[in-house]
Amino acid sequence: MYGTGSRVFRAPGRVNLIGEHTDYNDGFVMPAAIGFYTWVAAARRTDNILEIYSDHLDEKVTLCLDDLAGPPRSHWSDYIRGAAASLQDAGHKLSGANLAIHGEVPLGAGLSSSASLEVATALALASVSEVELPRLELVKLCQAAEHEYVGTRCGIMDQFVACFGVSGHALMLDCRSLDYELLAMSVDHSLVVCNSLVRHELASGEYNQRRADCEKGVKLLQAHLPGVGALRDVGIEELEGYRHLLPEQVYRRCRHVITENRRVQEAAKCLRSGDPVGFGQLMYQSHNSLRDDFEVSCKELDLLVEIASTSDGVYGARMTGGGFGGCTVNLVHASCIADFSSHIAKSYQQKTGIVLDVYVCEPAQGAGPWPPDGSQ
Ligand code: GLA
């Protein structure tokens, strides 16, 4: 479309197996990259202009590299503006570029289309500008892009797994140390993602509100537990002991995070020892906690989990991602995938009138140039 050659980069969406709303509490998460990618083709320009075309929206936007500052504009180009601005804010000198974007990650489904767009854009801009960027720095700059230019105070999970995901593996990440362990997923069962196609407005405001509740809990607990830097440091007995200090809602938010951190660690043990039944039970517990204590589920997601829980070959199910709509993730025995997919689609449609999207997801490879050997 620009009449020149280009370099191509891609970054995947993700599904989170367990560990929700724990990342910004210095806790544990267990996402996997999925085989839906955002693709960015980029060519260097000689001026300081970014010209960006989205084929999904058939829309072109022009940004000037000298004029990227400013609050969120509630437009898809905020992700591009944010990625470029964060690189520049960190002192990297960017050149202008023509970009063409093609996205496969379903939008607004809680599968992290945003992080995949930020990461693919940052890789492309760094490459055409001849900027060497260590992976971890890229992750952090993309997270900063989301905070400052999109307005969601997200944790680090999505950008991290978009960069460090490995095919066939889930990734257990310690969001404080940023150490991670790759956990092989057995081919005997698969991740089936059900997109409720429900998207609640105000989700970003609610997200920031949940984070603020957690921070309030930490602040109140710190008066008695000075060693606590984040909810990661609080044991469930300690929380119960100081329950009277916390407003009821803050207490429940904290209880979710603290119990969810424990579930992620238990779930990792189940994967290591090949125990899908145990893993599945933890998924259900996680869902209940997100529904009752953290209050980020919705009736459609609850319904999907309920249908899954009575379906053959399903070990476990839960909502995945930030919540307020989006998807559930189901751990399903390989031999039951087809039956489960048609059964849940049918039941969901009967009860809601909505035609479900079902994706069978194998854990995929993280972001990089395309083709991977750099022979473009
Ligand atoms: C969104 C955020 C993540 C994480 C999840 C909830 O996807 O981007 O950082 O907080 O919600 O687990």
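1. Helix 3 (residues 135-150) has buried residues whose cover includes helix 1 (77-89), helix 2 (113-128) and helix 4 (157-164), where cover is judged by contact, meaning heavy atoms within 4.5 Å. Helices here are DSSP runs of H or I with at least four residues, strands are runs of E with at least two, and both are numbered from the N terminus. The model is a predicted one, in which local features need pLDDT of at least 70 and side-chain atom pairs count only at pLDDT 80 or more, while totals for chains, interfaces and linings use all residues. Residues are numbered from 1 along each chain as its sequence is written, and side-chain values use heavy atoms, with hydrogens and water left out.

2. The buried residues of helix 3 include Leu-138, Leu-141, Ala-145 and Tyr-149; buried means under 20% relative accessible area, exposed over 50%, and partly exposed in between, with a 1.4 Å probe and protein chains only. Helix 3 has 16 residues and reaches 21 Å from its first C-alpha to its last, close to the 22 Å expected, the expected span being 1.5 Å times one less than the number of residues. Gly-151, which follows helix 3, has a positive phi near 100 degrees.

3. In helix 10, the buried residues are Ile-337, Phe-340, Ser-341, Ile-344, Ser-347 and Tyr-348. They cover an arc of only 145 degrees around the axis, and therefore lie on the same side of helix 10, the arc being that of the directions from the helix axis to the C-beta atoms. On the other side of helix 10, Ala-338, Asp-339, Lys-346 and Gln-350 are exposed. Cover for the buried residues of helix 10 includes strand 8 (189-199), helix 9 (299-309) and strand 10 (325-333).

4. Arg-44 belongs to strand 2 (residues 28-44), and its side chain reaches the backbone oxygen of Val-128 at 2.9 Å. Leaving aside residues up to four places away in sequence, Arg-44 touches Ser-95, Gly-96, Ala-97, Val-128, Ser-129 and Glu-130.

5. The residues around the ligand include Arg-14, Glu-20, Tyr-24, Asp-158 and Tyr-207, each with a heavy atom within 4 Å of it. A polar side-chain atom of Arg-14 lies 2.9 Å from an oxygen atom of the ligand, whereas for Glu-20 the distance from such an atom to a ligand oxygen is 2.7 Å. For Asp-158, a polar side-chain atom likewise lies 2.7 Å from an oxygen atom of the ligand. The protein covers 92% of the 310 Å² of accessible area that the ligand has on its own, as computed by the Shrake-Rupley method with a 1.4 Å probe.

Definitions and conventions: Polar contact = N/O pair within 3.5 Å; in protein donor to acceptor, adjacent residues only side chain to side chain.
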